[in-house]
Amino acid sequence: MHPLPFSLQLLNACAALLLLLSFAMLSQRRTVNLVNLLAVQGSLLVIATLIVAWRTGQPHLYVSALLTLALKVFALPMLLHRLIRRLNVWWDTEPVINPSGTMLIGLLVVVFSFGLAQPISAVADTAIRSTLGIAIAVILLSFLAMITRRKAMSQVVAFLSMENGLFFGAMSATYGMPMVVELGVALDVLVAMLVLGVFFFQIREQFDSLDLYHLESLKERD
Amino acid sequence: MELILLLGAPVIGALVLALRGDRSYGPEVNAGFSAVTFASACALAVRVVSYGPLLLYDEQFVIDAFNVFLVALTAFVGLTTALFSRPYMRVEVANGKLGPGRLRLYHSMYQLFTATMLLALTTNNLGLLWVAMEAATLSTVLLVTLYRTPASLEAGWKYFILCGVGIAQALFGTMLLYFAAEHALGSAGVTALLWTHLAAVKGQLEPTVVALAFVFLLVGYGTKVGLAPLHNWLPDAHAEGPTPISAVLSGLLLNVAIYAIVRCKILVEGSLGSALPSQMMMGFGLASMLLAAFFLWRQRDIKRLFAYSSIEHMGIVTFAFGMGGPIANFAALLHMTVHSLTKSAIFYAVGHAAQKSGSQLIENIRGLVTISPTIGWGLMLGSLAILGMPPFGVFASEFLVLTTAMKQQPWATPFLLLALGVAFAAIFGKVQPMVFGETTARRLPHPPALLPVFVHLGLVLVLGLWIPPYLAAWYHDAARLIGGP
Amino acid sequence: MTPLAATTQLLEIVGAALAAPAFLGWVNQCRAWLQNRRAPSLMQPYRGLRKLLNKDAILATNASPLFRAAPYVVFATMLVAAAIIPSMGTGLPMSTAADGIALVGLLATARVFLSLAAMDVGTAFGTLGARREMMVGFLAEPALLMVLFVAAMLSRTTSLPLIAETLAGQAPALYPSLAFTAVAFLLVMLAENARLPIDNPATHLELTMIHEAMILEYSARHLALMEWAAALKLFNYACIGFALFVPWGAGNEASGPIGLLLAVPLLAIKLAIAGAALALLEILSAKLRVFRAPEFLATAFLLAVLGLLVHLLLET
Amino acid sequence: MAVSFSSLQVCLALLAAWLVVGFAGLLRPRSIRFAGRTLFPLGALCGAALATVAGLSLGAAPESRVLELGLPGLPMHMRLDALSAVFLVLLGAASTAISVFSAGYFRKGEGTLPGLLCLEYHVFLAAMGFVLLADDAYSFMVAWESMALSSYFLVTTQHRIEEIRRAGFLYLLVAHVGALSILLGFGVLQGGSWQFTFDAMRAAHLDATWASIAFGLALFGFGAKAGLVPLHVWLPEAHPAAPSPVSALMSGVMLKTAVYGFLRVTFDLIGLQLWWWGLVALGVGLFTAFYGVIFAAVQTDMKRLLAWSSIENLGIAFAGIGLAIIFRGSGLGHLAVLALVATLYHCLNHAMMKSLLFLGTGSVLHATGERNLGRLGGLIHRMPWVAWMTLIGALAIAGLPPLNGFVSEWLLLQAFLFAGDVPHPFASMLLPAGAAIVALCAALAGYVMVKFYGVVFLGQPREASLSTARDAGFAERVGLGLLALGCVLLGLFPALIVPVLDGAVAGLLHVPTSRWGGPWWLLAPERARHATYGPPALCLLLVVAVVLSIYGLRLVYHRTVRRGPAWDCGHARSDARMQDTAEGFGQPIRHMFEPFFEMTRKLPSPSDPTPTYAVTVGDRAWKLLYLPIATAVHAVANAVAWLQQGRISTYLMYSFATLILLLAFVL
């Protein structure tokens with residue numbers, strides 16, 4: 001078989017890096033680094049988008065790349081850094097499951113998501129179908145991260161990386177969603193971040209920390 | 001035209017109230033905007049009933065039998081809740097639970113919430129549907145945490161995270177649908193997310209992809225419906241927010257989420273042609289009913305009690321939609337209507353009851369009939385209605401669901417019987433001492449607004465004895481639209 | 001109704017009313033003889049009645065009208081019962097009005113009124129007697145009913161004269177079911193008529209007495225009626241026994257007046273034998289404790305039901 | 001010009017009138033006089049009219065009509081056929097008397113406001129009427145549950161008392177579960193034709209399995225309302241809790257709607273009847289009857305005693321139905337008719353006598369404020385009217401000729417006599433035992449009634465306070481009198497009533513009606529060979545005999561009657577405490593049927609200076625059935641609660657697991 005065009009190789013490389021990043025986030029315990037990793041993820045996303053845009057020459061992809069750049073590379077990480085500084089939550093406590101165990105589960109999740117992607121990419125005629133599996137993997141991995149985290153902040157970061165995974169999946173499978181939807185999604189993410197900001201401060205002033213074990217009083221088990 | 005008014009009124013209302021919501025006339029303004037919304041909804045309904053389904057604004061909006069009655073219902077309950085929240089919020093302010101700022105927030109977010117629900121109901125674009133659902137979550141999160149108590153913050157956080165994650169799954173599902181649609185329609189771009197187009201080509205959608213998509217959509221929107229085991233945010237959020245919000249969350253938001261699921265189910269079933277979606281929905285429905293019934297058994301907080309009862313009833317609706325077929329769908333639609341009317345009425349009564357006895361704990365609420373018969377009877381009749389006692393409308397739908405299940409899914413009937421029986425024992429056993437017996441309640445600074453309670457209960461009563469023909473026609477059309485095995 | 005039937009009917013009622021005390025006397029006589037005592041004369045019960053009828057009646061201060069009415073009701077029921085039991089003849093017009101089941105009902109009515117009257121004055125003995133009487137009754141009544149059921153199933157009818165006729169008409173065959181029920185009937189008869197081993201008609205010991213305890217408060221004419229009714233009851237039971245188990249010889253339309261005339265002495269003979277047998281049974285058996293009475297009657301009840309099953313098993 | 005209404009229209013109008021009367025109560029909710037002097041008499045008038053109309057319609061052909069109410073595609077169908085008419089007569093007649101009684105009964109300050117009470121009362125009546133007229137599953141269920149609901153509110157009239165609330169809760173819970181099972185039964189019956197009208201169900205053909213399931217569900221559902229063991233527990237709680245007229249209505253009429261529904265479903269809606277169903281119903285019915293009567297015998301609360309006796313009577317009724325099913329299932333239609341006639345007659349009787357007794361207890365309760373048999377006695381002197389009326393009821397329910405209770409017993413035993421004709425040897429072996437149990441229950445009922453009447457009305461008053469008791473007022477007397485009259489008439493003229501019932505039942509079973517022979521005074525059922533019963537004649541004989549004995553004595557006896565203290569076997573002093581108590585009177589039964597009772601005895605120690613002895617008799621059903629269920633539910637609830645730990649990671653894990661599982665399921 002003839003080798004893939006360079007652009008596609010580049011894209012696959014991005015995909016691989018994304019996967020790597022999400023593993024890193026899974027293991028990372030320093031909140032600042034988490035945010036940085038998120039920013040890197042965002043920039044990889046931008047690159048991937050640009051590649052696809054250049055290959056397919058769809059104008060609206062450039063716009064969405066711009067949007068991503070603004071939102072996920074600059075706005076959100078800055079906001080998060082600000083919050084970290086203001087609420088000085090630099091470290092996450094010991095995760096629910098120890099990192100090695102998490103890694104193992106993560107591995108299984110990756111296998112599962114590749115298996116999941118098979119039937120879909122089988123019908124995909126887009127040139128970049130192989131990346132869909134990675135998108136799903138990123139989504140599920142960040143889900144896993146959310147489960148294992150104990151600090152509100154790191155949970156939120158994981159949540160955002162899940163958004164990234166979704167975005168990447170959308171782009172790799174279908175060259176991105178229609179414009180109106182992308183705008184809406186972006187708006188929602190932004191608002192969500194703002195709400196989160198408010199939240200953090202409220203939680204802070206109530207419990208003067210962002211540990212999630214403060215938030216375990218409403219339950220049925222007694 | 002009506003549509004613009006329908007969606008515009010609440011948005012403008014949100015802006016206005018964000019600035020002036022804390023004035024003495026704020027609640028009235030709030031109610032006023034809701035009234036406008038309701039009026040336009042009625043106009044829209046009339047138009048659809050007379051001219052049939054509408055596609056508006058280059059097909060971005062669809063109004064058909066299925067969603068128009070939900071729109072009307074949403075607007076109506078929105079209005080009555082606004083009326084109810086007038087005295088309720090005044091009392092809260094008088095009790096010093098709220099400041100002007102939060103009152104502004106409350107009123108504007110209330111309107112915004114209405115707007116997002118109406119958007120979610122009317123839009124034809126699955127992407128926009130998703131956006132609207134997410135927006136609905138966001139607009140209510142801050143309302144759940146309105147009191148800033150630790151419990152309310154916790155509830156808000158769980159609500160935010162769980163629903164956020166769930167909704168993310170739904171987005172992925174939407175994306176997969178889009179992906180499948182592109183292959184079916186061959187055309188990229190906006191039209192591939194328009195429900196009408198998808199419905200047109202649902203036969204050709206790639207089954208495996210669609211099946212996967214449905215799983216993501218079901219888990220995603222199912223989280224917002226509160227299907228067990230995705231329901232964990234629901235009792236907290238419903239119990240900790242202000243009662244009017246509990247009323248609309250229980251009465252309306254759940255309906256909207258169900259609506260989203262059913263819209264997707266129509267497509268998926270069309271493409272799969274298998275009973276897979278039905279089985280999943282029936283499974284979720286039964287699980288929710290049973291779990292909720294047993295959770296009901298050990299509730300101490302009156303609002304949590306009725307929150308769980310909402311889960312149970314959503315389970316019934318999901319089960320009914322899962323069974324499919326004209327009668328089950330009809331029953332499910334009817335059940336959505338009567339449930340939202342009854343449940344909101346109950347929450348109105350509960351709100352005042354809790355204010356009167358200064359506590360949400362069931363053991364602190366006693367003998368309501370003796371101090372204020374209206375609240376007492378409202379709560380009693382409401383609970384009996386929600387428990388499926390004739391001649392209230394809830395019974396009508398449960399009648400159809402049970403009889404249908406007995407013939408189509410006999411294996412499920414023991415579970416239904418168990419769930420309904422346990423739920424009855426649990427709820428009634430807790431409500432009776434609250435209503436009867438020696439009293440502990442006290443007077444309120446503002447006279448409670450119980451008109452909404454009895455208006456709702458009256459409507460439910462009427463629906464139990466006589467369903468007006470045009471309403472029945474709606475239901476039938478919608479049921480036909482939803483189809484099923 | 002034919003004149004013969006009318007006469008039979010009249011004869012039965014009057015005969016029963018008059019002969020009943022004599023039968024009681026006869027039983028007592030036999031018992032005395034069997035116990036090697038000098039026996040009271042056959043007329044003794046009549047003398048007792050006359051004596052009572054010549055005394056002033058004393059009513060307890062808080063006795064209600066029910067108390068006064070009861071003796072008449074009890075006596076009347078017994079009289080009517082006598083009217084529908086084919087003792088001398090089977091052509092009884094009145095028996096169309098009440099069949100076997102109704103007969104049991106009549107006896108129950110008598111029992112209930114007796115007990116209510118006993119409770120009316122509100123003495124310790126009265127209520128005690130009433131309770132024991134009802135205890136005996138609620139087991140004896142269904143047993144008697146089952147006995148009648150067997151006969152009714154054998155003869156496909158519940159009207160007593162017809163039962164007697166059919167049973168008499170059939171070739172004398174051995175009916176095992178009838179054997180069972182005969183024993184059951186005997187037990188019921190002993191219990192219902194306050195005879196040993198259930199009750200001792202001769203004592204006023206509170207531990208033993210049932211029937212006597214109930215009529216303690218009665219005096220003079222009321223007491224006379226009660227005693228008379230008791231004698232009638234015994235007589236009736238005897239006649240029921242004859243009708244079911246030795247139905248032969250009762251007169252009917254076919255046999256005409258002669259048959260009726262023959263039936264009278266025949267009945268006398270039957271009564272004589274039955275009375276002697278009853279006395280023999282009584283002296284052979286000892287008084288049971290009241291707690292044991294239910295077991296005794298339960299046996300009767302079970303025997304009767306057993307007879308019914310045997311009938312369905314073997315004879316259909 | 002003359003306008004003619006069909007009887008069905010008139011019946012519906014009368015039910016509507018009841019509703020109107022009820023809502024009129026809200027006009028002046030606090031006025032006893034308005035409710036008592038105006039509304040309840042009006043309700044009584046409606047009841048009388050209803051009874052008359054239904055009675056007149058008995059001969060006529062069934063007529064049905066469709067109301068513009070109900071679900072779309074399922075308007076409310078109403079139908080008036082002979083069976084409904086019979087029960088409507090029952091409802092109308094009993095409710096007339098009870099309403100008249102209620103007019104004088106309710107007093108100030110008894111919990112619910114009189115106006116509201118009036119509303120609930122008449123809604124209750126109307127709901128029962130609609131149950132009898134409903135001709136489709138939906139309207140039947142609506143009426144059925146409305147009946148339960150309104151009666152629940154009536155039971156909890158004095159909602160301040162804890163155990164009354166408990167009783168109400170238990171009652172509504174059992175009623176609701178029963179209703180759900182009836183509902184499922186209809187779900188089976190409509191047999192795939194999405195028509196819930198009874199006509200469609202008649203048309204639908206079920207195979208044996210589904211038919212049996214439907215029968216089972218109906219037996220469970222209607223049994224819960226009729227108080228069949230072990231679903232009877234609500235009954236002895238709810239009846240004492242309710243005001244006496246309500247107890248009378250519930251016991252006298254509402255329980256009969258269960259019989260009606262069971263008949264309707266079993267013989268009318270289910271196409272086929274299998275004979276072994278009959279064995280089931282017969283067995284349950286007989287066990288219920290026996291269980292009920294022995295528990296009645298050991299009660300110490302007069303209304304509880306009557307409630308248990310109601311359980312017994314409903315058990316007898318279901319036994320009769322079971323017998324009918326056995327006959328029907330073995331192709332002996334004519335005998336089935338005999339058994340069913342007996343059952344219906346028993347229902348009519350029970351409606352009369354049990355209402356009479358409950359109303360009697362109501363008057364006693366108002367006069368003395370006592371329900372405990374241990375504190376009553378000697379009331380025949382204080383309240384003669386109530387006492388004599390109640391005596392009639394007591395004798396009737398004890399099944400003594402020539403009153404009405406005996407007639408149904410007679411008919412039922414006549415039906416049992418044909419056990420030999422049943423082709424299934426097993427059944428024909430069991431039936432005689434059944435007859436024996438019926439006889440035993442009848443005899444025990446006599447025991448119970450002697451205890452009830454003797455302890456309440458006879459003997460010496462056990463409390464000094466009883467001397468102030470006053471006889472019932474005018475309205476109450478009239479109500480009692482009407483019911484007593486009903487008992488006597490039903491007892492004396494079965495020959496006039498039974499053929500009508502025969503017509504109704506024969507129509508139900510599609511069996512040719514038969515002559516019930518004899519002149520007006522003689523009951524000579526053709527279906528039962530050579531068996532005749534002429535209550536008027538019998539009664540005449542008794543009267544003549546009494547009169548003769550009185551005057552006969554007058555001839556030979558000239559002495560006077562003196563009053564004196566009780567002799568009491570020469571005991572020096574005997575006071576009221578020496579009389580047998582209710583517990584004492586129940587002692588032999590406790591002794592004999594010990595295994596059935598959950599007894600807790602409190603025995604004094606020999607050294608106790610003030611010894612006290614107490615024995616309480618409990619129902620084993622609680623320990624054997626209900627407590628285990630409750631504990632099981634509780635355990636499950638606790639286990640389920642473990643799921644909700646309050647930790648958000650756990651919740652996320654649930655979502656994650658669900659997602660993965662479903663995806664794996666799809667792949």
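Predicted model: local features only at pLDDT ≥ 70, side-chain atom pairs only at ≥ 80, totals over all residues.

User: Why is Ala194(C) called buried?

Analyst: A residue counts as buried if 20 or more other C-beta atoms lie within 10 Å of its own. Ala194(C) has 20 C-beta neighbours inside 10 Å, and therefore Ala194(C) counts as buried. As for its place in the chain, Ala194(C) lies in the loop between helix H7 (176-192) and helix H8 (211-214) of chain C.

User: Why does Arg148(B) count as partly exposed?

Analyst: The term partly exposed applies in between the two limits, which are 20 or more for buried and 12 or fewer for exposed. Arg148(B) has 14 C-beta neighbours inside 10 Å, so Arg148(B) counts as partly exposed. Arg148(B) is found in the loop between helix H5 (126-144) and helix H6 (150-185) of chain B.

User: What is phi of Arg148(B), and what is phi of Ala194(C)?

Analyst: Phi of Arg148(B) is near 60°, a positive value in a residue other than glycine, and phi of Ala194(C), likewise positive in a residue other than glycine, is near 55°. Most residues other than glycine have a negative phi.

User: What makes the peptide bond from Pro390(B) to Pro391(B) cis?

Analyst: The peptide bond from Pro390(B) to Pro391(B) has omega near 0° and is cis, and Pro391(B) sits in the loop between helix H15 (373-386) and helix H16 (393-408) of chain B. In chain D, the bond from Pro401(D) to Pro402(D) is cis, with omega near 0°, and the place of Pro402(D) is in the loop between helix H15 (384-397) and helix H16 (404-416). Most peptide bonds are trans.

Notes
Residues numbered from 1 in each chain as written. Chains lettered and ligands numbered in written order. Helix = DSSP H or I, 4+ residues; strand = E, 2+ residues; numbered from the N terminus.
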